[in-house]
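Trainee: Please take me through this chain and say where each label comes from.

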Amino acid sequence: MGQTAKPTRQNRTITIDFHDETTYFALLSNPTAFVEFVLAFLLSLGFQLLHKGSCSEGGRLTRHSHYTRVRLGGLTIWRIQCTICKAVFTVLPHFVLRYRQMRPEVARDALLATHGGLSLEWCAVICHISPMALYRLICAFGHHSLVTVLTRCDLPLPVYVLADEKHSTCRADRVYLPTIVCGRVLWHLGYTEAASAAAFTQSYGAFQRAAAQQEPSYRVRGVLTDGFDSTTKSMRTLFPGARLGICLRHALLKLPKKLTAIASPVRKALRSQFHTLLYRARQRKGLRVFALGQRLRHFVDHVTTTAGTANGERVRCWFQDKKAGWYAVLADSQMPVTSTLLDQAHNAIERKLFMMKGFHHPGGSQQAFLTGLAHLYNLIPYQRRAQHAGQCGVEVEGGRVPTADWMLNLQILTSGGFRCAVASFTT
Ligand SMILES: [Zn+2]
């Protein structure tokens, strides 16, 4: 089964926003003006062309570059070659999708409907395309790594992250979606058929490698999980030295399950006391770790008194197991405290997967499909009534997107022929 995304081919196709089609057709007859338009567009985004490693042009095209006009599905497009390294760039105008007959505005509507939770089949019906064409389109975007696209938006690699796995099903089998979130942005959405630490390490490792490739000195300082063993182990392997915290909200949800054979009001009262305890521990900045240890011991005594020895003992063992993770959350004020945003992301993705059961076929590329959905999750703006209406997740987290049109952003950011100008990393 296709578990890993195919490596991105070194394609040097670039999508350029010509604003409207007439501008494009006018420029076709004027090579100098054409190249100048392309370069001005790249400059405005802070991008450079991806020349070959040896190229002394350092990412620039010159007037001496070679041009050829080719016909692509009835449309004339330009290919530009660097005279020094011979790298060839195919310039796609904004109104064309790479390798696809489908027009971007058709794709936009279909992808938006998919993102909104409509099944691929229904999206295909309302947009007059085949479900398979839509599936392949999402996979095509998904062949580009989340890390590449997000760093092109000037987002720094995440230093504190949420990591957790969604348990899902693919046809009848249990599958897992190891996920890394920072704020409202998905940095990794993997796919494994095993819940082992080894399988998770392999999945999360794809993120770790992509990030290290962008920035060799990249380090994760803190990871919040909800304590699943394979997740914790894989984080320890991949990010040695990172603080591993356990979500405090999950702790609150778990407590009632540790208290058996007692009246409901007693359970409720204990839960609310535990809530207060964690809340106060967060408020007291200086001594909060010490304070938490002491308060947890007092709380166990209180449980023993009000709910009996068996419950007291169960809670004590549970605290023993989890408290290092809670300390880690409280010891670093930059650590995320709850995994709420990650749960939201998982729920959004789960709704889509649920709608797409028909596409979990043995030959499918689940990893590429999921990554494609993650791009949509990051780049499609929130709706009118949402808290951050009109902005996409990338923007809410402080990133920049190339244009005001999310579909065009998706086309541009998943182009193969760009790299970020070096300057944008140092500022
Ligand atoms: Zn070159």
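This is a predicted model: local features need pLDDT of at least 70, side-chain atom pairs count only at pLDDT 80 or more; totals for chains, interfaces and linings use all residues.

Mentor: Residues are numbered from 1 along each chain as its sequence is written, and side-chain values use heavy atoms, with hydrogens and water left out.

Trainee: How many helices and strands does the chain have?

Mentor: The chain has 17 helices and 11 strands. Helices (H or I, at least four residues) and strands (E, at least two) are DSSP runs, numbered from the N terminus.

Trainee: Why is Thr231 called buried?

Mentor: Buried means under 20% relative accessible area, exposed over 50%, partly exposed in between (1.4 Å probe, protein chains only). Thr231 has 0% relative accessibility, so Thr231 counts as buried. Thr231 lies in helix 8. Of the 427 residues of the chain, 50% count as buried.

Trainee: What makes up the surroundings of Thr231?

Mentor: Contact means heavy atoms within 4.5 Å. Leaving aside neighbours within four places in sequence, Thr231 is in contact with Ala163, Asp164, Glu165, Phe200, Tyr204 and Thr225. Phe200 is 31 residues from Thr231 in sequence, yet the two are 6.6 Å apart in space, C-alpha to C-alpha.

Trainee: Which residues of helix 8 are buried, and what do they pack against?

Mentor: In helix 8 (residues 229–238), Ser230, Thr231, Thr232, Ser234, Met235 and Leu238 are buried. Their packing partners include strand 6 (160–170), helix 7 (197–214) and strand 10 (243–246).

Trainee: Is Ser339 buried or exposed?

Mentor: Ser339 has a relative accessible area of 2%, and is therefore buried. Ser339 sits in the loop between helix 12 and helix 13 (340–355). Not counting residues up to four places away in sequence, Ser339 touches Leu162, Leu224, Cys247, Arg249 and His250.

Trainee: What makes a set of residues a nonpolar core?

Mentor: A nonpolar core is a set of buried Ala, Val, Leu, Ile, Met, Phe, Trp, Tyr and Cys residues joined through side-chain atoms within 4.5 Å. The largest one here has 133 residues, of which Phe34, Leu111, Phe274 and Trp326 touch the most other members. Helix 14 (residues 366–379) gives the largest share of this core, eight residues.

Trainee: Why are helix 14 and helix 16 called oblique to each other?

Mentor: Axes are lines fitted to C-alpha atoms, for helices over the stretch in contact, and angles run from 0 to 180 degrees between N-to-C directions. Angles under 35 degrees count as roughly parallel, over 145 as roughly antiparallel, 65 to 115 as roughly perpendicular and the rest as oblique. Helix 14 and helix 16 (residues 406–413) pack at about 130 degrees, with axes 10 Å apart. Helix 14 and helix 16 are therefore oblique. His375, Leu376 and Leu379 of helix 14 meet Trp406, Leu410 and Leu413 of helix 16.

Trainee: Where do helix 10 and helix 12 make their contact?

Mentor: The axes of helix 10 (residues 264–283) and helix 12 (residues 309–331) come within 11 Å and cross at roughly 35 degrees. Phe274, Ala281 and Arg282 of helix 10 make the contact with Trp318, Phe319, Trp326 and Leu330 of helix 12.
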